[in-house]
Amino acid sequence: MSARRIFAQPARYAAIAPYLWMVLFFLVPFGFVLKISLSQTAIAQPPYVPLFDFSEGWAAIKAAFAQLSLDNFKLLVSDSLYISSYLRSLVVAVTSTLILLLIGYPIAYGMARLPQRWQAIAMMLVIVPFWTSFLIRIYAWINILQHDGLLNKVLLALHLVSTPVVWLSTDTAMYIGIVYSYLPFMILPLYATLARMESSLLEAASDLGASPLRSFWLVTFPLSLPGVGAGALLCFIPIVGEFVIPDLLAGSSSMMIGQTLWLEFFTNKDWPVAAAAAVALLVLLVPPLLLYDRLQRRTLGGAN
Amino acid sequence: MGLADHMTEESPDTGRPNVDVSAAPAEAAADMPLLRIEGVSKTFGSFRAVDRLSLDIGAGEFFALLGPSGCGKTTLLRMLAGFETPDEGRVLLGGRDIAPVLPHERPVNMMFQNYALFPHLNVRDNIAFGLKRAGMPRAAIDTRVAEMVALVKLGGMEKRKPDQLSGGQRQRVALARSLARRPKVLLLDEPLAALDKKLRESTQLELMELQRRLGMTFIIVTHDQEEAMTMANRIGVMDAGRLEQVATPRDLYEAPASRWVAEFVGDVNLFEGEVTSHEHHRLTVATRDGGAIVVAEPRQPVTKSLVSVAIRPEKLKLSRRGPASDAVTSEAINRLEGVVTDVGYLGGSTVYKVKLDSGAVVRSSIANTSRLDRDTYSAGQRVVAWFRPDDCVVLER
């Protein structure tokens with residue numbers, strides 16, 4: 001009873017922290033962005049109208065509200081530039097996530113099967129690249145992939161190609177960069193699920209007549225699906241909005257939505273359209289998040 | 001009505017195991033026990049879990065491997081299931097060496113200590129798992145699953161996932177799943193360890209009835225001697241990777257082969273001493289703590305002179321002045337005098353600790369056969385502890 005007393009009050013306050021965080025750093029900024037997305041561009045500082053000026057009284061605020069419109073969103077739907085950027089983002093994110101899954105699953109599976117002592121080392125090896133700045137690692141890839149870069153030198157030395165291959169400014173380079181950068185985000189949740197799985201389940205499967213391959217498909221894989229979901233989502237969502245990697249490694253013929261956003265914001269100085277693109281991106285990402293939440297509830301909440 | 005009544009006894013037609021053990025050479029099968037373990041060893045690093053162990057188990061036996069934790073009993077069981085490979089020795093099933101047979105091809109099933117139920121599959125699919133792998137037709141699977149569900153009394157739970165079941169229900173699913181393929185041998189690794197006492201006792205009886213009814217060979221691993229004694233026809237007591245004794249529960253208790261077995265199985269009073277005379281099937285042992293003790297000659301003649309005399313607490317009787325039957329039976333009765341120091345009332349019996357005049361402490365367990373028992377002793381009381389020569393066992397040291 002006394003323990004309950006001691007912990008009840010601070011525990012209640014501690015529960016407020018995440019909500020406070022969400023309100024301060026997500027909802028309030030999102031409100032600003034939403035408001036800008038409903039505004040019109042203007043040659044001014046800041047570069048949009050209307051502005052809410054609370055000092056000029058209720059009528060002025062009402063007038064400002066009347067000026068808000070959905071024009072920017074209509075533009076997003078009508079201009080093929082934005083639609084194609086969104087589509088490209090989705091295609092790149094889906095493709096990258098699939099590649100990440102194909103590469104990450106065997107690695108995570110192998111890690112989970114290592115002796116305990118080696119698992120910690122393998123984990124370190126996965127995380128170590130994070131100790132170097134992300135940007136530097138992408139520049140390193142530019143170095144490797146450029147015309148007289150390491151990759152071409154190796155290919156030429158091995159006589160696999162006779163002339164240097166163009167890697168840089170292609171989708172291949174972009175996929176290499178994305179997969180390289182996001183691999184730990186795929187491996188870690190997968191590894192966590194696979195390492196947690198009881199080995200006696202596989203023994204039971206084997207005991208009941210399942211070959212190792214069947215045991216994998218009938219037991220290991222279905223039980224690792226929460227990890228697959230977490231890894232896929234952890235990669236998919238940031239890749240959709242990825243800006244740096246496609247900007248540095250991919251060609252300039254087509255843009256991902258992050259690049260379009262940057263262009264609108266910094267080059268065109270069209271904050272309202274950029275804000276509308278950002279809001280639309282967020283709305284697009286809500287369905288997969290809800291889907292994931294539901295899947296997780298189903299796997300966790302079997303007891304209800 | 002026991003739960004085994006639900007089991008039909010037609011021969012296993014469709015759920016046949018992948019390996020046909022009856023294909024073994026006929027002459028070998030004739031005088032071969034169902035399972036023969038020959039000089040099997042298993043070492044983990046520098047730890048010898050199983051040490052040149054040999055054992056025969058016949059068809060239809062309920063065999064218990066009993067031993068303290070770390071004695072190698074689970075390793076032995078896992079070698080039978082195929083999860084561990086023996087470093088040396090052979091395991092013959094129906095006369096055939098099963099060393100090259102992979103676990104998923106052995107006609108042996110195991111019930112795991114933690115049950116190892118597949119958490120993503122419901123009760124029905126857990127039970128059907130092994131049947132599907134055996135390529136059983138769908139209709140036959142449905143019949144078999146229904147039979148198993150009735151057998152373990154889980155009707156109405158078929159659609160539940162393991163985490164929606166109680167511990168006892170999970171245990172039943174695990175049992176049904178391991179029995180569904182009708183294995184030649186069912187291996188049970190501490191199957192009742194996770195159940196509470198009452199449930200454990202009723203499940204013990206159900207398992208026995210089931211085994212008798214199905215005529216299957218059960219090999220159970222347990223550290224609980226009462227469980228082993230209750231259920232098994234024969235018990236193999238293991239210590240440090242070796243079998244100390246293989247015997248029926250009664251022989252194990254009444255005729256332990258070694259001091260270690262006597263102490264591990266049940267409670268025992270031990271007197272160390274030296275054989276001084278040997279006549280008329282009676283040995284006299286001079287002991288430090290109990291003086292001269294007369295014991296019946298054991299079945300196997302004692303070769304060493306240094307021995308221990310073992311007497312179970314319930315065979316050590318107490319009285320105020322010593323037995324009056326002394327003259328009637330004309331038997332030499334061993335008498336030890338001392339003072340009661342502790343009285344432990346257990347309901348069905350009472351355990352007395354008696355400090356002998358020699359300083360040694362012995363335990364005597366007396367059944368409370370009458371509700372208003374007046375013949376009880378209290379701490380501080382002087383008593384005579386006595387026992388018959390036939391009731392004690394001589395063990396070489």
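View 1. Met238(B) lies in strand 9 (residues 234–239) of chain B; strands here are DSSP runs of E with at least two residues, numbered from the N terminus. This is a predicted model, in which local features need pLDDT of at least 70, side-chain atom pairs count only at pLDDT 80 or more, and totals for chains, interfaces and linings use all residues. Residues are numbered from 1 along each chain as its sequence is written, and chains are lettered from A and ligands numbered from 1 in the order in which they are written. Met238(B) counts as buried because 27 other C-beta atoms lie within 10 Å; the cut-off for buried is 20 or more, with C-beta atoms placed from the backbone. Leaving aside residues up to four places away in sequence, Met238(B) touches residues including Leu65(B), Cys71(B) and Leu243(B); contact means C-beta atoms, placed from the backbone, within 7 Å.

**View 2. An open sheet of 5 strands in chain B.** The strand order is 13-12-11-14-20, and the pairing is antiparallel; two strands pair if DSSP finds at least two bridges between them. Strand 13 (291–296) and strand 20 (392–396) stand at the edges with a single partner strand each, so one side of each has no neighbour in the sheet.

**View 3. The pairing of strands 11 and 12.** Strand 11 (residues 269–279) and strand 12 (residues 282–287) of chain B pair in the antiparallel sense over 6 bridges. Arg282(B) in strand 12 is the bridge partner of Glu279(B).

**View 4. Confidence along chain B.** The average pLDDT of chain B is 86; pLDDT is the predictor's confidence in each residue, from 0 to 100. Over residues 1–29 of chain B, pLDDT stays under 50.

Notes
Helices (H or I, at least four residues) and strands (E, at least two) are DSSP runs, numbered from the N terminus. A residue is buried if 20 or more other C-beta atoms lie within 10 Å of its own, exposed if 12 or fewer, and partly exposed in between; C-beta atoms are placed from the backbone. Two residues are in contact if their C-beta atoms, placed from the backbone, lie within 7 Å.
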